[in-house]
Amino acid sequence: MYRILAIGNSFSEDATYFLHDILENAGVDNDVVNLYIGGCPLERHWSNIERNAADYQYQRNGKKTDRYCSVAQILEEQTFDAVVTQQASGDSGWENTYEPFLGLILDFLKKRTRAELFLNETWAYEAGSGHTHFMRYERSQELMFSRLKSAYKKAAANYGLPLIETGEVIQNLRLFPFFNGDSRFITRDGFHLHF
């Protein structure tokens, strides 16, 4: 069995929503856990780890539960093959928001698990998105994507982490006419992916 842990927010929730089912259909026995706090940036993840805060909703195989836990608690209870983290979407294009928090989180994880560590690249908001953080990117999807791509690549390179280029996949999908109609978008609300 291949076990995956995501420490994230609503974007990791979107990224893992169908992952278990996709892997099962591909013949890969798997278990996918997402530790969820809406909008959670790396800075708060580190603060939660330091305080051992049980603030994360435990989501398993795309399903929400009523359980709340800490990162350390889950790492003590379960063994994982892969642990994935990411920056909050609004901060993803700002390199100065990654440190020192990403480094501290990775140091913590390396002491607690033998899992391979990954960085998941979030995606740019939809053109015309009403997200409050979109103004930080001049309400430009292209600018947001360019900045987040650069920041993630630099962070991944700094730590020798494999980068899951989800943001690039989403940006490339937007090139298809199917996703550029008046009623069809990749996101359900201007920033979260459609299920």
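**Exercise 1. Find which residues have the most contacts inside the largest nonpolar core, and which elements supply this core.**

*Solution.* Start with the core itself: the largest one has 47 residues, and Leu 5 and Leu 35 have the most contacts inside it. A nonpolar core here is a set of buried Ala, Val, Leu, Ile, Met, Phe, Trp, Tyr and Cys residues joined through side-chain atoms within 4.5 Å. Buried means under 20% relative accessible area, exposed over 50%, and partly exposed in between (1.4 Å probe, protein chains only).

Next, go through the elements. At least two residues of this core come from each of β1 (2-8), β2 (30-36), α3 (42-51), β3 (56-60), α4 (71-77), α5 (101-112), β6 (116-120) and α6 (141-159). With 7 residues, α6 gives the most. Helices (H or I, at least four residues) and strands (E, at least two) are DSSP runs, numbered from the N terminus.

Finally, look for another core: one of 6 residues lies apart, and Ile 4, Val 32, Ala 82 and Phe 118 are among them.

A word on the source: this is a predicted model, in which local features need pLDDT of at least 70 and side-chain atom pairs count only at pLDDT 80 or more, while totals for chains, interfaces and linings use all residues. Residues are numbered from 1 along each chain as its sequence is written, and side-chain values use heavy atoms, with hydrogens and water left out.

**Exercise 2. List what Leu 35 touches, not counting residues up to four places away in sequence.**

*Solution.* Contact means heavy atoms within 4.5 Å.

**Exercise 3. Locate Met 1 and its contacts.**

*Solution.* Met 1 sits in the segment before β1. Its C-alpha atom is separated by 5.0 Å from that of Asn 30, 29 residues apart along the chain. Leaving aside neighbours within four places in sequence, Met 1 contacts Asp 29, Asn 30, Asp 31 and Asp 81.

**Exercise 4. Describe the protein as a whole: its elements, its burial and its radius of gyration.**

*Solution.* Count first: there are 7 helices and 7 strands, in the order β-α-α-β-α-β-β-α-β-α-β-α-β-α. Then take burial, which covers 52% of the 195 residues. Last, compare the radius of gyration, taken over C-alpha atoms, with the globule rule of 2.2 Å times the number of residues to the power 0.38. For 195 residues a compact globule would have a value near 16 Å, and the protein's 16 Å agrees.
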